[in-house]
Amino acid sequence: MKKHTITILIIELLSVCLFVFYPSPIESVAWKPSRIPALKGVLEGNSALRETEVFGVGALDAPEDVVVDQNGTMYTGLENGDIVKVSFDGSSTLDGNITPWVNTGGRPLGMMFDHNNDLIVCDGYRGLLSINKAGEISVLTDRVEGKVINFANDLDIADDGKIYFTEASSKWERGDYLHDLLETKPYGRLLMYDPVTRITSVLMDGLYFANGVALSTDERYLLVTETWRYGIMRYWLKGDKAGTSARFMGNLPGFPAGISNHNNHFWLSLITLRNPVMDKTHETPWLKDALAKLPEFLTPGPIPYGLVLKVKETGPIESSLHDVGGKVIQGISSAVEKGGYLYFGTFKGDRVGRYKLAEDTPL
């Protein structure tokens, strides 16, 4: 028994030494976030999203983005590379069925139909893909400036067919997104693919996890969410400011993810609320370097919460929809309006959602 105890102590000691002296995979820098805004006023918590109809519970693995076609069928990408169709019968219980469609061989994330009704997909491993009605997959682009696109994330498509999309991180692959968070360095980029010239170009770099993309109604500018900076950047496409960028919104109460435009306003999804401990940890690089050595299951998970913001194109937050505690839906990573409903994808979730917008919802 004594020998067994000594053996355990030796193993524990070796484990501690390995953790302390083994080099960290990251070289983080310090950052001091602004004080977390209180959830009051337009941000005050409510139970609106408790009315969300959910579907696919237990059957969908991380349906991060959603898109709805002209027939009302939802498409979403899953962890195993599948893109599935979710059909609804229009009942209040959201009965329907899930139909496998294609597998990209990677990880489908952001998606949108183009003007030919082909599905354009940001694949986290394969780049920018196009999938026609027959399910045939082609790679539009997987390189920029001679280098492989590392982590294609989300997109929007302009009237002229140009595709604006994000590379979340040019250094860290999708599976190492927590390293990107802890290192606190701007590896994200905004890219543009021109279907006429087939050239991919970098429009903006230096972003802290470039995520959602949405064009303004008049397409004079687009917005890009910076998940790790709790904010949104604006990039001007037309006018005197064309080619320049500036902060559109900052110090949000959570981690912004997907963003979409509908009738002169944006819908912004926040995966979770900010964690005061994480904000404080950002000030101490050596602590972040140590945390990066831990396996993901030992790191703190997101706070269960459902949150979507409605934002005017002129900037102010107009309203917020909450599910405090995430009882019905949480980790909302995309919010798309169509036909009087908001459709939701979920980060690492097992469901998609559909929320009926009230007729008096401010536009």
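Visitor: Which conventions apply here?

Guide: Residues are numbered from 1 along each chain as its sequence is written, and side-chain values use heavy atoms, with hydrogens and water left out. The model is predicted: local features need pLDDT of at least 70, side-chain atom pairs count only at pLDDT 80 or more, and totals for chains, interfaces and linings use all residues.

Visitor: What is the strand order in the open sheet of four strands?

Guide: Strands of a sheet pair through backbone hydrogen bonds, either parallel or antiparallel. Strands are DSSP runs of E with at least two residues, helices are runs of H or I with at least four, and both are numbered from the N terminus. Two strands pair if DSSP finds at least two bridges between them. Here the order is 12-13-14-15, with antiparallel pairing. Strand 12 (152-157) and strand 15 (199-207) are at the edges with a single partner strand each, so one side of each has no neighbour in the sheet.

Visitor: How many bridges join strand 12 and strand 13?

Guide: Strand 12 pairs with strand 13 (residues 163-167) over four bridges, in the antiparallel sense. D156 stands opposite Y164 in strand 13.

Visitor: Where is T184, and is T184 buried or exposed?

Guide: Buried means under 20% relative accessible area, exposed over 50%, and partly exposed in between (1.4 Å probe, protein chains only). T184 sits in the loop between helix 2 (177-183) and strand 14 (188-194), and is buried at 5% relative accessibility. T184 is not a glycine, yet has a positive phi of about 60°. N117, also not a glycine, has a positive phi of about 65°. N117 belongs to the loop between strand 6 (108-113) and strand 7 (119-123) and is partly exposed at 31%.

Visitor: How many salt bridges does the structure hold?

Guide: A salt bridge is a side-chain nitrogen of Lys or Arg within 4 Å of a carboxyl oxygen of Asp or Glu. The structure holds 13. One of them joins E64 and R107, with the closest N and O atoms 3.8 Å apart. E64 lies in the loop between strand 1 (53-55) and strand 2 (66-68), and R107 in the loop between strand 5 (96-103) and strand 6, so the pair ties together parts 43 residues apart in sequence. E64 is buried at 15%, and R107 is buried at 0%.

Visitor: Which residues are linked in a network of salt bridges?

Guide: The network links E64, E79, R107 and R174.
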